[in-house]
Amino acid sequence: MTVRNGAVRARRPLAMIASALLVTGVSTGAATAAGAPEGKPDGKFCVVEVGKSADGGFSPVKSRTCSNDPDSAAFTAADAPDVLLMEWFWNAYNSPPNITRIIVSAEEGPCDSSGYRLRPNLIWDNEISGFYTYSNCHRVTIYDGYNQNGDSQYWYDGTGDGPNVEYVGARMNDRTSSLWIRY
């Protein structure tokens with residue numbers, strides 16, 4: 001189940017989740033000298049749970065399940081947490097569909113003022129073309145720098161779960177190297 005607008009509801013089918021995601025802290029690869037994660041995930045379809053970070057650092061990965069088959073038992077039966085925070089689109093308007101989810105346990109979410117700070121892995125780095133937010137994640141800042149620096153763009157929507165940005169625009173398309181989502 002997911003929590004949306006304070007209400008618990010059934011999760012969307014996990015088969016809709018596509019592409020790989022690693023967030024800083026995943027143990028599948030070593031870090032480069034600059035701190036960027038290396039390595040390629042072991043599947044195309046991933047369910048990733050992040051946690052709260054200490055002192056404004058990046059959100060740690062608590063669990064990750066990947067598969068090359070969106071209908072596999074390992075992927076669909078993943079011990080998915082209760083709160084959906086964000087979906088990333090590889091293509092503008094999610095066409096053709098190719099997304100991944102950022103999710104947290106009920107104890108960690110929903111978004112608050114400190115929020116969640118994320119770094120896409122090498123597969124998603126500079127590939128995000130759109131996103132949706134959920135669970136009180138009303139503010140999103142994307143950065144072209146790996147440590148929340150460089151060129152950035154900010155979105156805010158206080159009327160619903162948060163901004164639904166089907167296309168980030170030509171200026172920031174395929175330029176995201178870090179994100180901050182928060183209430």
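Guide: Happy to; we will go through the salt bridges of this predicted model.

Visitor: How many salt bridges are there?
Guide: The rule asks for a side-chain nitrogen of Lys or Arg within 4 Å of a carboxyl oxygen of Asp or Glu. Applied here, that rule gives a count of 5 salt bridges.

Visitor: Which residue forms a salt bridge with D112?
Guide: The closest N and O atoms of this pair are 2.6 Å apart. D112 sits in the loop between strand 6 and strand 7, and its partner in the loop between strand 3 and strand 4, 60 residues apart. That partner is K52.

Visitor: Is K52 buried or exposed, or something in between?
Guide: Buried would need under 20% relative accessible area, and exposed over 50%. K52 has 24% relative accessibility, so it counts as partly exposed.

Visitor: How many residues apart in sequence are the parts that D144 and R175 tie together?
Guide: The side chains of D144 and R175 meet in a salt bridge, 2.6 Å from N to O. D144 lies in the loop between strand 9 and strand 10, while R175 lies in the loop between strand 11 and strand 12, so the parts they tie together are separated in sequence by 31 residues.

Visitor: Which residues are linked with R175 in a network of salt bridges?
Guide: D151 forms a salt bridge with R175, with the closest N and O atoms 3.0 Å apart. D151 lies in the loop between strand 9 and strand 10. The network links R175 with D144, D151 and R171.

Methods: Residues are numbered from 1 along each chain as its sequence is written. This is a predicted model: local features need pLDDT of at least 70, side-chain atom pairs count only at pLDDT 80 or more; totals for chains, interfaces and linings use all residues. Side-chain values use heavy atoms; hydrogens and water are left out. Helices (H or I, at least four residues) and strands (E, at least two) are DSSP runs, numbered from the N terminus. Buried means under 20% relative accessible area, exposed over 50%, partly exposed in between (1.4 Å probe, protein chains only).
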